[in-house]
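This report describes selected local features of one protein structure. Please consult the sequence and the structure shown below while reading.

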Amino acid sequence: MPRTALRICPLCEATCGLTLTLEGTTVTGARGDRDDVFSKGFICPKGASFAAVDGDPDRLRTPLVRRDGELREATWAEAFDAVAAGVRPLIERYGPHAVGIVLGNPNVHTVAGALYPPLLVAGIGTRSLFTASTVDQMPKHVSSGLLFGDANAIPVPDLDRTSHLLLIGANPLESNGSLCTAPDFPGRLRALKARGGTLTVVDPRRTRTARLADRHVGIRPGTDALLLAAMAHTLFEEDLTDLGALTGHVEGLDELRAALADFTPEAVAPACDVEAATVRALARELAAAPTAAVYGRIGSCTVPHGTLGSWLVDVLNILTGNLDRPGGALFPQAATDRTPRPAGPGRGFRLGRWHSRVGRHPEAKGELPLSALAEEIDTATEDGEPIRALLVVAANPVLSAPDGDRLDKALGSLDFMVSVDPYLNETARHADVVLPPPPPSQSPHHDFAFNTLAVRNQVRYNRPAVPLEDGRMAETEILARLVLAVTGMHGADPAAVDDLVVGQTLGKAVTEAHSPVHGRDPGELAALLTGDNGPERRLDLMLRLGPYGDGFGARPDGLTLDRLLGHPHGIDLGPLRPRLPQPLKTRSGRVELLPAPIADDLPRLRQALRERPAGLVLVGRRHLRSNNSWLHNVPALTGGTNRCTLHIHPEDAERLGLRDGGAVRVKGAGGEVTAPAEITDGVRRGVVSLPHGWGHDRPGTRLAHAAADPGVNVNQLLDGSLLDPLSGNAVLNGIPVSLTPVT
């Protein structure tokens, strides 16, 4: 008899609740969970394809170990023996920084990816950490760190209560939202319009989201920070600033006014290709709205001034009094956040505590730019050892990082490489050991990261829908054993990793005056934890110590794992609410409007006032049925509009002699690719667009469907030299390219 099981979708940031249909231990279908407290039945094509993703026949079922130059199936014991023998001697000989760690996007979609990579980094002691954040969102982390003192204190738009929403570089009708966790983002935008609100979209493409907007501003790519600076200038010039309840929590207002004096609408208009009158109208409408929120995303992050643009998004929210108020942009509070500490000055946020060995790129949030990974492997210097071993967890940087050809060659030169991945993909094919996690139906799920970005406070948890198959190993155990293997404790019980974290966390909590367990015995508290395994005990610990927790009995009605398990559709914790000044960790204890690194970077933005691209520039795009490179092997999620084509405006196509469907050679600083042209007025003149994450044509992979329609790797057009200097984020949008028809 078919049965059903609940599961939170792990395939994008919307985190929708699903009801799975199962035949035995096989998932045969998925629909939206109408009783889910957050998504209320919404589902997108990715969630509807959960069964196909879960049952993909190309998923690896057993570990692979390289023997005589060939990857062959092995036992788990053999695989971890090989990891310990391959990595540990390199650490002892060359030091911890000679081991690099690469964390990919899917890590934030799993319980294991949230709980264990920090232990891996700390256990090795390496500074050679690279993640997908530096080809995506790092500018927002850096700007939040500088403004608020905490790189993870990211305000999100209060979608359900705002009356005016300005989106810049975001296309949530395709992406489902990003750094803003919101099931049914499209429905929330339509509800905004239905209640009389206004939607404005700034984007060089006429996306699905732009077509829904009341106003679409077709900006020149890469000039978002100039436009936002001119809007802030207008607010000052026309006396439209009103901090409201923020007064007293903000410093640097006069300094900010002076710093933006040169960015008049008239000055930025030629560079942005947006009329000065439109810039002023955008600022006036924002100031006049009863409530408003500005939200910028990947299009405004992956550009030369990504950190400045991200900073100015929040500056506009602050200047109009919309930060930290209902209907504006607020700080979510997840159930697993740390116990809220009393408001007051903190340690602040620092950049550049160390630098990369070759390019001298400053770290940001403990990470080095992914663009620098290849040179850190293949270039020798007198300043330390190159990376000799690499641990890659749920990442495919050969496709996601600039200049994949160089990185592909660099990976082949490593002394040792481990890949934790369900697929043998373009990156994992270089590994000496591949450790495959089980499919999502066989894993638990809680959104540690995305609940800190959710537009409504809530908490949900699913145990595995089906038990682990014989021969599989839970992803949590894989990563715990990996920690042990590379830190000199190979063969120890993996439960010891979780016990260590529990002990350290409780040992610290009992010493903190603001903690609900201050002064209590850590051992007695640990004995109270529930859960079937170490990861569940850690979740119970975080819930109990969190802002809604029971404090180990201090608040009898508070959250615990047992209480959460009694609510299979989740627990609603209410709408976002004002929280300042508690989230602030700046040294002043206030929002610091003009931090020194920002002020020091403004001359570079002033220089951009005089810059004009001479030819075509390239931007990326998202597809509703895709999530970077990791869903292209699922037939149900490819084809249709989800194709790797070059979008080009009809006038540009005519001028260059391109025909619809014809092959066109695209050349950039890092190389060239050939893709079919798709002529459309959905992209403005002077701009072409290729999607991110394709290029599945390298030998040695086991991605049969993806290889049949590989597309091209847009990041091969980049040489890795273009970075936002504050965040180290790769510049992926607004890059110059040339086109040639292929006859």
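Pro440 lies in the loop that joins strand 17 (433–435) and strand 18 (456–459); helices (H or I, at least four residues) and strands (E, at least two) are DSSP runs, numbered from the N terminus. The model is a predicted one, in which local features need pLDDT of at least 70 and side-chain atom pairs count only at pLDDT 80 or more, while totals for chains, interfaces and linings use all residues. Residues are numbered from 1 along each chain as its sequence is written, and side-chain values use heavy atoms, with hydrogens and water left out.

With a relative accessibility of 12%, Pro440 counts as buried (under 20% relative accessible area, with exposed over 50% and partly exposed in between; 1.4 Å probe, protein chains only). Leaving aside residues up to four places away in sequence, Pro440 touches Arg7, Pro10, Phe50, Asp54 and Arg59, where contact means heavy atoms within 4.5 Å. Pro10 is 430 residues from Pro440 in sequence, yet their C-alpha atoms are 7.7 Å apart in space.

Helix 15 covers residues 306–319, and its end C-alpha atoms are 20 Å apart, in agreement with the 20 Å that its 14 residues should span at 1.5 Å a residue (the expected span is 1.5 Å times one less than the number of residues). Because 14 of its 14 residues are buried, helix 15 is largely enclosed by the rest of the structure. Just after helix 15, Gly321 adopts a positive phi of about 75°.

Two helix pairs are compared below; axes are lines fitted to C-alpha atoms, for helices over the stretch in contact, and angles run from 0 to 180 degrees between N-to-C directions.

| Helix pair | Axis distance | Angle |
|---|---|---|
| Helix 3 (residues 76–94) and helix 19 (residues 475–486) | within 8 Å | roughly 40° |
| Helix 15 and helix 24 (residues 596–608) | 10 Å | about 115° |

Helix 3 and helix 19 are therefore oblique to each other, whereas helix 15 and helix 24 are therefore roughly perpendicular (under 35 degrees is roughly parallel, over 145 roughly antiparallel, 65 to 115 roughly perpendicular and the rest oblique).

In the contact between helix 15 and helix 24, Thr307, Leu308 and Trp311 of helix 15 meet Ile598, Asp601, Leu602 and Leu605 of helix 24. These residues comprise 5 nonpolar, 1 polar and 1 charged (Ala, Val, Leu, Ile, Met, Phe, Trp, Tyr, Cys and Pro count as nonpolar, Asp, Glu, Lys and Arg as charged, and the others, Gly among them, as polar).
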